[in-house]
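I opened a new structure today and kept notes as I went. These are my entries, in the order I made them.

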Amino acid sequence: MEHKVIDVGDVVIRFAGDSGDGMQLTGTLFADMSAIYGNGLSTFPDYPAEIRAPHGTVSGVSGFQVHIGSSKMNTPGDFCDMLVAMNPAALKANARWLKRTALVLIDTDSFDDANLQKAGFKGNPVEELKIEDRVIVPAAITSLTAESLKDSGLDQKSIAKCKNMFALGMACFIYSRPLDYVYTYLEKKFSKKHPEMIAPNRKVLDDGFNYAANIQAIPNTYSIEPADLPKGLYRNITGNQATAWGLLAASEKSGLPLFCGSYPITPATGILEELAIYKNLGARTVQAEDEIAGICTAIGAAFAGNLAVTTTSGPGLSLKSEALGLAVMTELPLVVVDVQRAGPSTGIPTKTEQTDLNQVLYGRNGECPLAVVAAHSPADCFDAAFNAAKIAVEHMTPVVLLTEGFLGNGSEPWLIPSMSDYPAIVPPYAEGEGPFHPFERDAETLARKWAVPGMKGFEHRVGGLEKNHRGVISSDPENHELMVAERAEKVERIAACIPDLKLDGPAKGKLLVVGWGGTYGHILSAVSELRAEGRDISFAHFDFISPLPKNTAEVFAGFEKILVCELNCGHFANWLRSKMPSCDIRSFGKVQGQPFLVQEITGAIKREL
Amino acid sequence: MATYTAKDFKSDQEVRWCPGCGDHAVLAALTRALANVSGALDIDKERFVVVSGIGCSSRLPYYVDTYGFHSIHGRATPISTGIKVANPDLSVWQACGDGDALAIGGNHFIHAIRRNIDINIILFNNRIYGLTKGQYSPTSKFGTITKTSPYGTVEEPFNPGSLVLGAKGTFFARSLDSELKLNEEIMVAAGLHEGTSVFEVLTNCVIFNDGTHKDISDREVRADRTIVLRHGEKMIFGKNRDKGIMLDGLGLKVVTIGENGITEDDILTHDAHMEHIGIHLMLADMKGPDFPVALGVIRDVKAVTYATAVREQVEAVTAKSRIKCVDDLLRSGATWEVK
């Protein structure tokens, strides 16, 4: 059989296996090497909550999907061109995501009776799953790995751990990936603690590559040319990393030391872990005894003059509610990052959703408004975190930054910006002489002034009790109503300092598709597909949720209908309805713990047209 | 050199505690102590921060003319922690009650102590919830009758001292609200101590728990039922200064000097600096009728403080790292050029 190398615009590859099979690493390596090769890409790690879920079961399958292409990739892709299935359960869990033309690489060694039974197969899995028409590439990956390393002197367990490299090697052959990046990675990972593991991993990788080249089972190989991306220096970045770095950038631009008080929680922990590294940039992190202590240490640090941050996910945010009210009342700058996951309660911790929006907008006692911003892609978490910090400091208010598990763990190539392109962040420090009145406000923004312990002559007290402008406790009815109104108006006036809502498409028409947060890539892809079919649709995506951009009503006025697509039961749609009751706002929601599929959105749009 | 008097630390706010409340005397001792500490450590007034949670005693920050933070129920400790870690040059003082620190804030309390955050916690222990008008607290005695325990409580109280020592606290002291001079002395020692200091003040709530500490605080019995411990001094107490504490096997016993051949030399000398908590725990746990209640600084030992360790780590890593700014960070690790 002749190998043909076919040029393709983009491919979607899903690596799937037991949660101990190293599929997250394999997928990450494949993504990173593709990024360095120059492809556009988007990734989607999809894994169970258990660290080592029951071996061989469908619920224990860990997957990592990579979408690479010759242009910028907006989504990790709905369906895959290749599935690597390390066991029957991985095949079963992912068969539904196969394209008609898909190639399925399976480790035949793991397709024994015991594993077939654990995955719930009675006979031939390919027949049972009705995927006979796909190109099945059987390879005895486990035994080939063992054969490859029989003279390595390694024990059976260590040898078994290398089999993901065999699969990676095969994938690299099929998609014409140069192996150099993996070599460098292996050197770096193992050189300190396990130098003896470098050579075996490298050998298995090479053997996998050569095996794929030699067997006659693979009809074609594919080439995905580098994307025509804007010139410059790039790196791959996950959303959680970008969030942490955006906060560090805000610390540098404001001259305020960064303080992060947090409690570990999936999927937000990565931000705390990342910040804990960068002590060299002045970041202080406290791993608190609980979520409440996390936010309260941050509030203390804000009072003491730091750029204060706490990071969490939905259940943690619930615990922080009372303290968030304290931050609203004391009017201290605070960034709260909520990496949303499927709820309620513990929900599905490793799966993505946008179901915390109502909690963030409404979930506190009293009249308690605060600013809410959202990130729309993994790399955008950098700008979103920077913006959140800038708003918090300059407007003296807590700001909630909403990201999602999908963004936090997902990654994309990022054109590295220069810090000189970012604006300064100017803390509104108290100045002058005379008694300091902590709740007197700036005429324009209504932000109060910030007096930090150590500043002579500005001694004052803040707290959860209502106060008057002078900072004296007051239960005067008129004063309370005035302060409530001023705190709300302060948040509203942030709108003057944020960019207008960008409209993609004509300013007038039948339908405006609206999204917020991590659904951006999927909605953009859906809208682009439908436009290619000749349909006239406009699209607007919100990075600022509260307050809304000041031109929102004006943009909406040009359309007969607005369709809000979000991963919840209509939180943002309701928020928009409450702000613009005369608009015809429809909702398309999904709550499966999974991102949208592009085809789901195109379907929803077509139904509205 | 900072030279202040107690008056400089008094704010112009009207003090709103009930007449006769024990908190008034604690506030008086605190303003004196702060003036004293500011001189001893050369800290200007604007570098003092007073933090509190919720409860009667938590009104205290309004009455002290420093930076102040009256926070939410139980959370004074993490707020103090954040302030101290953010700026280790501040002198942080915290006022909290028995409900605030040991019930709703119990978790934060033990963890601050475990971390040895350099904050000064004044624990006002009146064994009752005062601001919510009289419910039992985690320090109420077994059987205490209150609005929420009309037939008496059926739970054992915490002894704050053993809680602090169990968490490997580096400083614990105890006193009575009315002991103005002793309280000032303890607060100064707490202020000079590096690490978490916990000072339990047994306060009287005239409205909801009047006389709860009467069995040791009454003038007629105080000398016989309490002992003031001072480092390096003999553990002697009593109206006639003739009673003392001795080791008795694995425990302690009260003896009378002059009886059974016992002389002052046989009496234990208090060592607040001893690292092992054993004897401090026995002293903190002493109660009537067999023992006097220990007052004064029971424990004061040296250990690395959290904020200092954090600052040192920041400095050490900064000195070593090649990443000096965010631009360096963004360009670190694996990158590639699109030409």
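The entries below go from whole chains to single residues.

**Setting up.** I am working with a predicted model, in which local features need pLDDT of at least 70, side-chain atom pairs count only at pLDDT 80 or more, and totals for chains, interfaces and linings use all residues. Residues are numbered from 1 along each chain as its sequence is written, while chains are lettered from A and ligands numbered from 1 in the order in which they are written.

**Chain A.** I looked up the secondary structure and found 21 helices and 23 strands in chain A. Helices (H or I, at least four residues) and strands (E, at least two) are DSSP runs, numbered from the N terminus. The radius of gyration of chain A is 26 Å, close to the 25 Å that the globule rule gives for 609 residues, so chain A is as compact as a globular protein of that length. The radius is taken over C-alpha atoms, and the rule is 2.2 Å times the number of residues to the power 0.38. I noted a C-alpha trace spanning about 85 × 60 × 45 Å along the principal axes of chain A.

Next came burial. A residue is buried if 20 or more other C-beta atoms lie within 10 Å of its own, exposed if 12 or fewer, and partly exposed in between, with C-beta atoms placed from the backbone. By that count, 56% of the 609 residues of chain A are buried. I also checked contacts, meaning pairs of residues whose C-beta atoms, placed from the backbone, lie within 7 Å. In chain A, 77% of the contacts with a separation of 6 or more link residues 24 or more positions apart.

**Chain B.** Here I found 11 helices and 14 strands. Buried residues make up 49% of chain B.

**Where the chains meet.** The contact takes 48 residues from chain B and 53 residues from chain A. H2(B) gives the most to the chain B side, with 8 residues. I sorted that side by class and got 23 nonpolar, 16 polar and 9 charged residues. Ala, Val, Leu, Ile, Met, Phe, Trp, Tyr, Cys and Pro count as nonpolar, Asp, Glu, Lys and Arg as charged, and the others, Gly among them, as polar.

I then looked for strands that pair across the chains; pairing takes at least two DSSP bridges between two strands. Strand S17 (residues 461–463) of chain A and S2(B) pair in the parallel sense over 3 bridges. Gly463(A) stands opposite His70(B) in S2(B).

**Helix H10 of chain B.** Which residues of H10(B) are buried? I found Tyr306(B), Ala307(B) and Val310(B). They fall within an arc of 100 degrees seen down the axis, so they line one face of H10(B). The arc is that of the directions from the helix axis to the C-beta atoms. On the other side, Ala309(B), Glu312(B), Ala316(B), Ala319(B) and Lys320(B) are exposed. The cover over the buried residues includes strand S11 (284–287) of chain A, together with helix H2 (76–86) and helix H4 (106–115) of chain B.

**Strand S13 of chain B.** I counted 8 of the 8 residues of S13(B) (residues 293–300) as buried. Strand S7 (residues 171–176) of chain B runs antiparallel to S13(B), joined by 4 bridges. Arg174(B) has Gly296(B) as its bridge partner there. Strand S9 (residues 226–229) of chain B pairs with S13(B) in the parallel sense, also over 4 bridges. Thr226(B) is partnered with Val293(B).

Most residues other than glycine have a negative phi, and most peptide bonds are trans. I noted exceptions. A cis peptide bond joins Gly343(A) and Pro344(A), with omega about 0 degrees. The bond from Gly288(B) to Pro289(B) is cis, with omega near 5 degrees. Pro289(B) lies in the loop between helix H9 (278–285) and S13 of chain B.

Ser176(A) is not a glycine, yet has a positive phi of about 50 degrees. Arg241(B) has a positive phi too, near 50 degrees. Is Arg241(B) buried or exposed? Arg241(B) is exposed, because 12 other C-beta atoms lie within 10 Å.

Technical notes. Contact = placed C-beta atoms within 7 Å.
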